[in-house]
Amino acid sequence: MGGNKLRNKTITYSLFGLILLLFIAYFTVQNAILPSGKSIVNELNNLIQYAQQDKWEDAEDSVNKLFKAWDMVKHLLAINYAEADYSIFLDNLSRIKGAIKTKDTTETVSLSLSTLELWNNFTKVVPQP
């Protein structure tokens, strides 16, 4: 009987160690990749500025850069975040692109601010619901 208790403790500690190791690895990778997300923040801020200044060609260039930056980090975020926030983020990106094509300042600024807020929540260690 004593051997079973020891074996159970060993298995429990091994599983705990494995889970801890996976979390450490995940957050290490996340911290290595997410700083490249600064370009996402920069491009969203640029979009707000360009829309307010009616610089729509610059806004189109900026939204293309935004999509490239998103492609670099989207797989990592898909693992960790609720589908609703992730889906809203993707929807916002598409709607921003449409708002720029129609030169809709209000929609571009509003969606960019909303997307920026979602991004800031994504990058928190403990995202808010």
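Start by selecting glutamate 107, which is partly exposed at 26% relative accessibility (partly exposed lies between buried, under 20% relative accessible area, and exposed, over 50%, with a 1.4 Å probe and protein chains only). This is a predicted model, where local features need pLDDT of at least 70, side-chain atom pairs count only at pLDDT 80 or more, and totals for chains, interfaces and linings use all residues. Residues are numbered from 1 along each chain as its sequence is written, and side-chain values use heavy atoms, leaving out hydrogens and water.

Next, select aspartate 91, whose side chain meets that of arginine 95 in another salt bridge (3.8 Å, N to O). Shared partners join Asp91, Arg95 and Glu107 into one network.

Move on to helix α3 (residues 56-80), where lysine 74 and aspartate 71 sit 3 residues apart, about one turn of the helix. Their side chains form a salt bridge as well (3.1 Å, N to O). Lysine 74 is partly exposed at 24% relative accessibility, as is aspartate 71 at 41%.

Last stop: isoleucine 11, in helix α1 (residues 2-33). Its relative accessible area is 45%, so isoleucine 11 is partly exposed.

Note on methods. Helix = DSSP H or I, 4+ residues; strand = E, 2+ residues; numbered from the N terminus. Salt bridge = Lys/Arg side-chain N within 4 Å of Asp/Glu carboxyl O.
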